[in-house]
Amino acid sequence: MDGAALYVAFGWDIRMDDYVRDYFQNKRFRKLKRLSGEEARLLGQSIWNYIAIKHGRSNISNVLNLTRIIRNEENSIASTLGVPFKQFLINWQDYYVKF
């Protein structure tokens, strides 16, 4: 959720874009729940940027509201965006690697 706060506060810039691309090209991606610190915040921020670009900014608040109600980020993303969470992660990674 720190990534959501960062995205709302600071948006997205080229430095962050470069960080995420470098991360996916040079590191082995671990489960999101295992990430910590700056790595978790920046990758989380990249998820919200991806949602805004590919699914529309309005879906950010939709995901956050549903998460508040059901207390599960993965199910909130899948329900709001209509994409299974595993496929969402694949699409998110592809966006930064192939974009």
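1. The largest nonpolar core has 23 residues. A nonpolar core here is a set of buried Ala, Val, Leu, Ile, Met, Phe, Trp, Tyr and Cys residues joined through side-chain atoms within 4.5 Å. Buried means under 20% relative accessible area, exposed over 50%, and partly exposed in between, with a 1.4 Å probe and protein chains only. The residues with the most contacts inside this core are F24, L43, W48, I51, F88, W92 and Y96. Two or more core residues come from each of α1 (2-10), α2 (14-26), α3 (37-55), α4, α5 and α6 (85-98). Helices are DSSP runs of H or I with at least four residues, numbered from the N terminus.

2. This is a predicted model: local features need pLDDT of at least 70, side-chain atom pairs count only at pLDDT 80 or more, and totals for chains, interfaces and linings use all residues. Residues are numbered from 1 along each chain as its sequence is written, and side-chain values use heavy atoms, with hydrogens and water left out.

3. Not counting residues up to four places away in sequence, L43 touches V20, Y23, F24, L35 and W92. Contact means heavy atoms within 4.5 Å.

4. S76 is in helix α5. S76 counts as buried because its relative accessibility is 0%. Beyond its neighbours within four places in sequence, S76 is in contact with V63, L66, T67 and I70. The C-alpha atoms of S76 and N62 are separated by 8.5 Å, and these residues are 14 apart along the chain.

5. R71 lies in the loop between α4 (58-70) and α5 (73-81). R71 counts as exposed because its relative accessibility is 68%. Although R71 is not a glycine, it has a positive phi of about 60 degrees. Most residues other than glycine have a negative phi.
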